[in-house]
Amino acid sequence: MAVIGDGINLDVEQARPCLRVRTPAGPGVLVLEERRLTFTPDLTWSPFRHGPGFLRWLTSLFRRNKAQSIPVEQLLGARLENPAGTAFTVWYAVERVAKAGCVERRSFKLLHTPRFEVANTPGDVEAVAELVTHIRRTSSWWGRATPPHLAAIVNPVSGRGGAARVVDSHLLPLLRDVAGLRVTVMKTRAPMHAAELVRDLTLNVPPAEAAAAGAAAAGGQGAEGAEGVDAIVFVGGDGTLYEGLQGLFQRPDWASAVRVPLAAVPCGSGNGVAASAGMWDADTAVVALCRGRAEPVDVASVLQPPGSRFYCVLSVVYGAMANLDIGTQHLRWMGELRFHLGGVWEIIRGRCYSARVFFLPPEAEAASASASASALAADGASAGPRSGAAGGVAGAQAVPVGAAARGAVGAAAGTAEAGAGGMEERLLPSDERSRSGDMAAGAGAGLAVSDYPAGPPLPILSGLRSLPSPLPDTTDTLPAGWRKLPDSFAVFGAYNTQYLALGARMNPGGRMGDGAWDVWHMEGPPGVGRNASSRPAPRGMRMRSLRMLLGTEDGSFANTPGVLDVVKARALLFEQRDVATYTVLDGEQVPDRPLYLECHPGLCRLMVSPSFQEPR
């Protein structure tokens, strides 16, 4: 207990601990008021003016000098304003609500009190230091006695190239100096460098039971005080988090590393993951990192011949949705506006795109799994960790990729070129890459799941015996429960989260942890083969596309019948059949080859805004 002057102290066990301070308005008192039962104090500061003076008394009649209080749930931290430790400010977060069409966006604005000053005596300095630590610990350290350690992976060229500036001028001063968190900043230098950085991190893995229970203290008490990283923060766009996700699953300890929460700070062009987590701006992201709330998020494994395995949490888009992303890369300097311009251009062109799509709805999974198990038993197939034919993610064991393989992947990450040409080479370990030529020769016959890099179990795709390439014309050769979509699309997108970008709510009503992806599509003209874009647009398609574009910001297009259709999928088989478009995973283009997607329910944890809510 630190005693200051007339018996005033900072002992939170007392009824009204307070500290005499001086503000620009004059001397006053800083009070910590206890709440009943919780013993967590609100902070009240009262710049009451002292001393005689008729003018001051007369002013007080017109301008009441009332005490101002900061509720404990708004406190964020405190910052020492001079080296002597006698001046400080207290920071807090106030929630704001803005309407975007029919959707409420809840963000936070960061404010601070006037500069408080105390006498330069040992007792006063000690009391201030105790007060600052107390505010930080109770509001921003996830309920821990020591500050969490964040690894901030920054993409300096993301979006308009302002991520590094946001970190230096905004994030670090607030997270380090105000909240007292430990932050290690790492900047990417090349495509897929974020994957290499994540692979080399030392992580403080929270206990499995804490992660399963959705504990607010995302780092977990078991890791408290360790030197490792408690959360991985991606400062950039969706592509930066996508790269980091690949590195997370390339770790030998991926099965436990997935319990370390991930966070996205919106500094890119799209920022769909950040928007879906309620992080609309840098201030809201700071509050989220201080509060430490994490929610389960589905992860999809995407296999693609001759032997590539990708991981994504956001989307798989094709056709018009892919063109307005990849097709507007030269307009990245425009930020989010480039997506709107790309959408207008797609409407004017009015093209349709050919693709072959099969999906397995959640309600058909049990029937498909039963049929797959029977087929595997008949073939005498084993369910080892590479095939993942049996067992859940919770019981999965990490499969080491070996030091040589990790080194090869890291070398590829540093030299790979952006775009489709080198995508599979970046993610393919050396032992798999050595066989890629043989795989490519036999790709038409189809490969087994065991021919792809190890990772989370794939019980659904393993039931296919082999992954067909090209995809069949009907579901006759697929297990029971699989369904087929039309072969022509004006719009196609499979989404895990609600938002594809800050201003694009492409999956209204979607939930990122429900174990299924939502496939939205606008059917094109029937009876077309490859390169359907050469066909004229069907009647009314441009008007439907325009309604979708106008209702993208808040997702209101979903309330207009006949605009888009939606189905839920636990697994997806997709083949691009049009050269006039792209296939894009989480904003990253992949080669024009069949891909096979399976959803892993709640495999990773994503840090979200304190006010985050998903539709029920």
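## Inside the model: a cavity, some rings and a histidine

The lining of the largest cavity is made up of 11 nonpolar residues, with no polar and no charged ones. Keep in mind that this is a predicted model.

**The largest cavity**

- Searching the whole structure gives 3 cavities of 30 Å³ or more.
- The largest cavity has a volume of about 60 Å³.
- Its lining residues are Leu150, Ala152, Val167, Leu171, Leu172, Leu175, Val183, Val233, Val235, Val265 and Leu289.
- H3 supplies the largest share of the lining, with 4 residues.

**Tyr318 and Tyr353**

- A pair of aromatic rings is described by how far apart the centres are and by the angle of the planes.
- Tyr318 belongs to strand E17 (residues 315–319) and Tyr353 to strand E18 (residues 353–360), so the pair ties together parts that are 35 residues apart in sequence.
- Tyr318 is buried, at a relative accessible area of 1%, and Tyr353 is buried as well, at 0%.

**Trp520 and Phe557**

- The rings of Trp520 and Phe557 also make an edge-to-face pair, with centres 5.6 Å apart and planes at 75°.
- This pair links distant parts of the chain, 37 residues apart: Trp520 is in strand E21 (residues 517–523), while Phe557 is in the loop between helix H18 (541–550) and strand E22 (565–569).
- Both Trp520 and Phe557 are buried.

**An aromatic cluster**

- Tyr318 and Tyr353 turn up again here: together with Phe489, Phe492 and Phe574, they form one aromatic cluster.

**His600**

- You'll find His600 in strand E26 (residues 595–607).
- The His600 side chain makes a polar contact with the side chain of Ser301, at 2.7 Å.

Definitions and conventions:
Residues numbered from 1 in each chain as written. Predicted model: local features only at pLDDT ≥ 70, side-chain atom pairs only at ≥ 80, totals over all residues. Heavy atoms only, no water. Helix = DSSP H or I, 4+ residues; strand = E, 2+ residues; numbered from the N terminus. Buried < 20%, exposed > 50% of the residue type's maximum accessible area, 1.4 Å probe, protein only. Phe/Tyr/Trp six-rings, centres within 6.5 Å; stacked < 30°, edge-to-face > 60°. Polar contact = N/O pair within 3.5 Å; in protein donor to acceptor, adjacent residues only side chain to side chain. 1 Å grid on protein atoms, 1.4 Å probe; cavity = no way out; pocket = protein on both sides within 12 Å on 5 of 7 lines; lining within 4 Å. Points joined across faces, edges and corners; volume = space filled by probe spheres on them. Nonpolar A, V, L, I, M, F, W, Y, C, P; charged D, E, K, R; others polar.
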